[in-house]
Amino acid sequence: MPRALRPTWLISLKTLAGLHRAPYQGPTTAHFDGRRFHNLEPKPHKDLRDFLRWQFSRETQADWIDQPGPEAPPDVPERVEGDELRVTYINHATLLLQHRGLNMLTDPVWSERVSPLSFLGPRRHHPPGLDLDQLPPIDLILVSHNHYDHLDLYSLRALAERFPLARVVTGLGNGPLIRETGFTRVLEMDWWQALELPGGLTLNAVPVQHWSARIRSDTNETLWMGFVIQSPDGPFLFPGDTGLGPEFRLIRERFGPMRFAALPIGAYAPRWFMRDNHMNPDDAVQAHRQLDCRSSLAIHFGTFNLTDEGQFAPPRDLARALADHQVDPEVFRVPTPGFQWQVPPLDTEVARTAD
């Protein structure tokens, strides 16, 4: 059975938090004021008072229970060629994307906990769908932002030992921390920048509505982002973590209908605290429709107990939202760890329009 990563090396607390690095410096832009980054539609950031209000008003919820992993690991080919797009759900926001000979990982998390401390903080409630040693050769790792459940230094260090030539792409300011794990091919990107990839693919950094921090004092000093991979067979989206804002419509306008999107559906309660930065299932269905998406996969739920909704609330609420918006559940699927999907192609004419 796949297992979580239990750290066997020492990473200092300063490194885990990113305290040793100098703040990002670069030219001011519409979303960077010279010190901190901002969303396209800036939202008031929740301060310590808001956080304490949430913590002291939390409703008691049923304890999360541990879930089994897959009975057998999924059959993962070394490479996928041609127009096939194969998605393997590992856990949380960690996906293996295989397309046109390229193997891509998103926000890799294999650790037992997502925290600056290996013995405290949110722990996982099911094993990953694939072990690290069951991965095929990894070419590209996408890191959407620096929160502990997305930028996990223990997992990145294990991946750097196994795949030292993999390229890591992330937002502005995250490079120094990621290089601490041993990766040397690290590229920091700004929103709307593009990178040519093998196989006729193009990676695009796109805005999402979120925020960044390793500790409270470095809030929004590094950039958060999603990624659109353009392909002759139609574009696909990994947004990392996001609230519902204007970004999805802008992505649709720029890249056309999506063949596939991985859309977060968890960490949404209470809504007064989470709304701006985390979609709930109804928001995710709205995003699916705004993207004109052929196939969507629910992510960012059920692995770590991060907020106030119950363990099984996101899939239940998604089923209700799909019915309310008259979206076929077959085109917006809810995975368990190890789930694999050979994503259907876009209609030929739609894919040509998106190029």
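A salt bridge is a side-chain nitrogen of Lys or Arg within 4 Å of a carboxyl oxygen of Asp or Glu. I counted by that rule and got 12 salt bridges.

I note that this is a predicted model, where local features need pLDDT of at least 70, side-chain atom pairs count only at pLDDT 80 or more, and totals for chains, interfaces and linings use all residues. Residues are numbered from 1 along each chain as its sequence is written, and side-chain values use heavy atoms, with hydrogens and water left out.

**Entry: charged pairs**

Side chains of opposite charge can pair when their charged atoms come close. I looked up Asp-292 and Arg-252, which form a salt bridge with the closest N and O atoms 2.7 Å apart. This pair links distant parts of the chain, 40 residues apart. Asp-292 sits in the loop between α7 (281–290) and β12 (295–299), and Arg-252 in helix α5 (residues 247–255). Helices (H or I, at least four residues) and strands (E, at least two) are DSSP runs, numbered from the N terminus.

I then checked exposure. Buried means under 20% relative accessible area, exposed over 50%, and partly exposed in between (1.4 Å probe, protein chains only). Asp-292 is partly exposed at 40%. Arg-252 is partly exposed at 26%.

Glu-84 and Arg-86 form another salt bridge, with the closest N and O atoms 3.2 Å apart. Is Arg-86 buried or exposed? Arg-86 is buried, with a relative accessible area of 15%. Glu-84 is partly exposed at 22%.

Arg-333 pairs with Glu-330 in a salt bridge, and their closest N and O atoms are 3.1 Å apart. Arg-333 lies in strand β13 (residues 332–333). Its relative accessible area is 25%, so Arg-333 counts as partly exposed. Glu-330 is partly exposed at 49%. I also took a distance from Arg-333 to Pro-314, 19 residues apart along the chain: their C-alpha atoms are separated by 12 Å.

Which residues form a network of salt bridges? I found Arg-316, Asp-317 and Arg-320 linked in one.

**Entry: pockets and the cavity**

Rolling a probe the size of a water molecule over the atoms shows where empty space is left. The search runs on a 1 Å grid over the protein atoms alone. A cavity is a set of points where a 1.4 Å probe fits but cannot get out. A pocket is an open set with protein on both sides within 12 Å along at least five of seven lines. Lining residues have an atom within 4 Å of a point. Grid points are joined across faces, edges and corners, and a volume is the space filled by probe spheres set on the points.

I started with the largest pocket, about 890 Å³ in volume. Its lining has 30 residues, and Phe-51, Trp-54, His-147, Trp-211 and Leu-306 are the closest to its centre. Helices α2 and α6 (271–274) each supply at least two residues of this lining. The largest share, 3 residues, comes from α2. I sorted the lining into 13 nonpolar, 10 polar and 7 charged residues. Here Ala, Val, Leu, Ile, Met, Phe, Trp, Tyr, Cys and Pro count as nonpolar, Asp, Glu, Lys and Arg as charged, and the others, Gly among them, as polar.

The second largest pocket holds about 260 Å³ of space. It is lined by 15 residues, with Gln-67, His-126, Pro-335, Thr-336 and Pro-337 nearest its centre. How many charged residues are in the lining of the second largest pocket? I found no charged residues there, but 9 nonpolar and 6 polar.

I searched the whole structure for cavities of 30 Å³ or more and found 1. The largest cavity has a volume of about 80 Å³. Of its 14 lining residues, Ala-267, Phe-301, Gly-302, Phe-304 and Glu-309 are the closest to its centre. The lining divides into 6 nonpolar, 7 polar and 1 charged.

**Entry: backbone**

Most residues other than glycine have a negative phi, and most peptide bonds are trans. I found a cis peptide bond from Ala-269 to Pro-270, with omega near 0°. Pro-270 lies in the loop between β11 (260–264) and α6.

His-92 has a positive phi, near 50°. This residue is in the loop between β1 (85–91) and β2 (94–99). At 1% relative accessibility, His-92 is buried. Trp-192 also has a positive phi, near 75°. Trp-192 sits in the loop between β6 (186–189) and β7 (194–197), and is partly exposed at 28%.
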